[in-house]
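Open the model in your viewer and keep the selection tool at hand. The tour goes from one selection to the next and says what is there.

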Amino acid sequence: MSDRQVTADAGPPASEREDLLMPSAFNSVIDMIAGPFEWFGNLGIFFWQVVRAAVTPPYEWRELVRQLDEVGSKSLPLVALAGAAVGVVISLEARYSLSRFGAKSLFPATLVYSVVQVMGPIITGLVVSGRVGAGMGAELASMKVTEQIDAIEASAINPFRLLAATRILACILMLPLLTLAADLCGLLTGWFAQAMVEPLSFHQFIESGFKGATFNAFLPPTFKTAVYGLIIGLIACFQGMHTRGGAEGVGRAATNSVVLASLFLILADVVLVKFILVVFP
Amino acid sequence: MTATYDISAKQGEAKEDGRLRVVAVDNLHKSFGSNHVLEGISLSVCSGETMAVLGRSGTGKSVLLRLIIGLDKPDSGSVCIHGQDLAGLTLDQIGAIRIKMGFLFQHAALYDSLTVAENVAFPLQHHRREMSRSEQSDRVRQLLAEVGMDGNLDKMPSDISGGMQKRVGLARALALEPEILLLDEPTAGLDPISSGEINDLVLTLQREHHMASIVVTHDLHSARTIANRLALLDEGRVVIEGKFEDLEQSDIPFVREFLKQS
């Protein structure tokens, strides 16, 4: 056994080990604190690069249309199904709760306001975050690790304009439309679930449910989903285009896209609901 | 080997022995963490000239190409294309320079959701919008025929071999008729006949289109065939630069060992 091996096996003395560990532990704490700030900083820089690319020609209309189809048309069945399920659940729960308090006549309004103002937007956002966020994050991450994004850039095409801006804009434009679809399915199935138990014509349901309703009650909650779209598209594109580490990195990007987009979407909802209540009383 | 330089009317451009210097790399340094990949690389390429960059694996040859096309930024030093320093340019400004350049990646980097023909058409669709669809199709067929891939138009990249992907990548790099061509291992994975065809293509481009090329390669035979000058890198520095005969006559031990093992 050589002198180098003996030294390596024995390791440094305990006091030196403590000295080695302390800077390492300190650095770990610093990294843990600085990490989120660094992430937000990089996200901000990425957002600015996308905005700058999006507003300068040449515009990628063909890719935008393709993404509108990818985000909108292909998410529609899943969103509609989710909306329909939510409508049934709210119908069953609302009927039970309202019956206990002798307020069955409020059922149509309860269902309408619950679906359109609360559940429709958030369920649509979370479903799209899962489907579109994961898909976008994984697709762009795969392109990143196989140098396809570098190839786009080397072909004198701005990848922020072609890949990120089109996807983010598609999410912003499609989320409100998908929310309307989810709302419609939720109201239809909610009414149907109620009508199976007690006679309630659709005309009665609509008249009663929307009685006294104003645009302020329904449009802001629907269009706030455009902010959800921005969050989903931005985080998915950022995670994908900054991937490292091969297949593991692609998986991590897909997972992080969904988790972070869902988290920020829920947090944004808290802020947006308050904002809507103040600005659109 | 000596060269005469004079500054032309265009700021930053220079002529070397009467030819325009299109790529000028000056004292480039690049590190990734504690790994110092390039430590003071300087070289230049003139129009109509092919330079081969040789060296052991991991000496920064591919990094050098990435710095020249601006995919990475150097830690220090400068890269000038047609006299224009890439430092401080925006992405769109660099894009205006990249239009005149073609880049072949080491692993081809084909767009895996597009067919072979669509891959080659991609730059044309974005930068040659004045061309009609049929003109673009004709140009794509012509390019793929030049690299011997005209029978695989509708295949996906995953359906063809690595060598075939490399040839499609070369066709895509030539789509916009670049003035400067950067090739990262163009003959890697190709059989000798295909390698010869690629070499002939590079020579034709050099002779007929005065295209400047920088070729990173391990294939010494290919380098000797196509290159006017060769640069041998070791530990991030240029050990020797000149014609093949200069390398053969060199007394530098690393050079002699490299030629002996190739």
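Start by selecting chain A, whose domain assignment gives domain 1 (12–56) and domain 2 (60–279); such bounds come from an automatic or database domain assignment. This is a predicted model, in which local features need pLDDT of at least 70, side-chain atom pairs count only at pLDDT 80 or more, and totals for chains, interfaces and linings use all residues. Residues are numbered from 1 along each chain as its sequence is written, while chains are lettered from A and ligands numbered from 1 in the order in which they are written.

Colour the two domains of chain A separately. Their centres, taken over C-alpha atoms, are 32 Å apart. Seven residues of domain 1 of chain A and nine residues of domain 2 of chain A make the contact (two residues are in contact if their C-beta atoms, placed from the backbone, lie within 7 Å). On the domain 1 side, six of these residues are nonpolar, one is polar and none is charged. Here Ala, Val, Leu, Ile, Met, Phe, Trp, Tyr, Cys and Pro count as nonpolar, Asp, Glu, Lys and Arg as charged, and the others, Gly among them, as polar.

Next, select helix H5 (residues 107–145) and helix H8 (residues 202–209) of chain A. Helices (H or I, at least four residues) and strands (E, at least two) are DSSP runs, numbered from the N terminus. The axes of H5(A) and H8(A) come within 8 Å and cross at roughly 70°. Axes are lines fitted to C-alpha atoms, for helices over the stretch in contact, and angles run from 0 to 180 degrees between N-to-C directions. H5(A) and H8(A) are therefore roughly perpendicular (65 to 115 degrees). Which residues make the contact between H5(A) and H8(A)? Show Pro108(A), Ala109(A), Leu111(A) and Val112(A) on H5(A), and Phe205(A), Ser208(A) and Gly209(A) on H8(A). By class, five are nonpolar, two polar and none charged.

Now move to chain B, which has nine helices and 12 strands. Its C-alpha atoms fill a box of roughly 55 × 45 × 40 Å along the principal axes.

Finally, show both chains. In chain B, 16 residues are in contact with 12 residues of chain A. Helix H2 (91–98) and helix H3 (116–127) of chain B are the elements that give two or more residues to this side of chain B. The residues on that side of chain B divide into 10 nonpolar, four polar and two charged.

Definitions and conventions:
Parallel < 35°, antiparallel > 145°, perpendicular 65-115°, else oblique.
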